[in-house]
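Here is a short briefing for a first look. Please view the sequence and the structure, then read the points below.

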Amino acid sequence: MEVSELVAALVDIERAAYEFVEMPDSAEADKRLLETLHRCQARLNEPYGFDSDTDAVRGRVWRDCMTIMSNLRLAPQHAAGQQSELVRTQTQKLASLTKGLLDLVRHRMERR
């Protein structure tokens, strides 16, 4: 898998995560985040041959995506669009981690 595909996936995840956090109780933001994580998570789980620190962050972002997807799938128990505080906190952390991973990957691409 190309690193550029990973970058595109991270940009999509970061955008959807920030939208989710900035638009509380939005059923559309919930849906977009879930769809984005579902579509992009496989790209995060590919081996890219990064250094161990970058791979550790990539693995953490993937695990966080999987956790949030699982928690969002439980959301139908609640009224549509009403985010739990847990999912909001997880998503805020995911947005930060994703931004950090994007910076690491972009720096690595520049060095090539």
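**Helix α1 and its cover**

Buried residues of α1 include Val3, Leu6, Val7, Ala9, Leu10, Ile13, Glu14, Ala16, Ala17, Phe20 and Val21. Buried means under 20% relative accessible area, exposed over 50%, and partly exposed in between (1.4 Å probe, protein chains only). This is a predicted model, where local features need pLDDT of at least 70, side-chain atom pairs count only at pLDDT 80 or more, and totals for chains, interfaces and linings use all residues. Residues are numbered from 1 along each chain as its sequence is written, and side-chain values use heavy atoms, with hydrogens and water left out.

- Helix α1 spans residues 3–22, which is 20 residues. Helices (H or I, at least four residues) are DSSP runs, numbered from the N terminus.
- From first C-alpha to last, α1 reaches 28 Å, close to the 28 Å expected at 1.5 Å a residue. The expected span is 1.5 Å times one less than the number of residues.
- The cover over the buried residues of α1 includes α2, α3 (52–73) and α4 (85–111).

**Where α2 meets α3**

- The axes of α2 and α3 come within 9 Å and cross at roughly 145°. Axes are lines fitted to C-alpha atoms, for helices over the stretch in contact, and angles run from 0 to 180 degrees between N-to-C directions.
- On the α2 side, the residues that meet α3 include Asp30, Leu33, Leu34, Leu37, His38, Gln41 and Leu44.
- On the α3 side, their partners include Arg58, Val61, Trp62, Cys65, Met66, Ile68, Met69, Leu72 and Arg73. Contact means heavy atoms within 4.5 Å.

**Gln41**

- Gln41 sits in helix α2 (residues 27–44).
- Gln41 counts as buried because its relative accessibility is 17%.
- Leaving aside neighbours within four places in sequence, Gln41 is in contact with Trp62, Met66 and Met69.
- The side chains of Gln41 and Trp62 make a polar contact (3.2 Å). A polar contact is a pair of N or O atoms within 3.5 Å; within protein, one must be able to donate a hydrogen and the other to accept it, and residues adjacent in sequence count only if both atoms are side-chain atoms.
- Gln41 and Asp64 are 23 residues apart in sequence, and their C-alpha atoms are 9.8 Å apart in space.

**Cysteines**

- The structure holds 0 disulfides. A disulfide is a pair of cysteine sulfur atoms within 2.5 Å.
- The sulfur of Cys40 has its closest cysteine sulfur in Cys65, 8.1 Å away, so it is too far for a bond.
- Cys40 counts as buried, at 0% relative accessibility.
- Cys65 also counts as buried, at 0% relative accessibility.

How values were computed:
Helix = DSSP H or I, 4+ residues; strand = E, 2+ residues; numbered from the N terminus.
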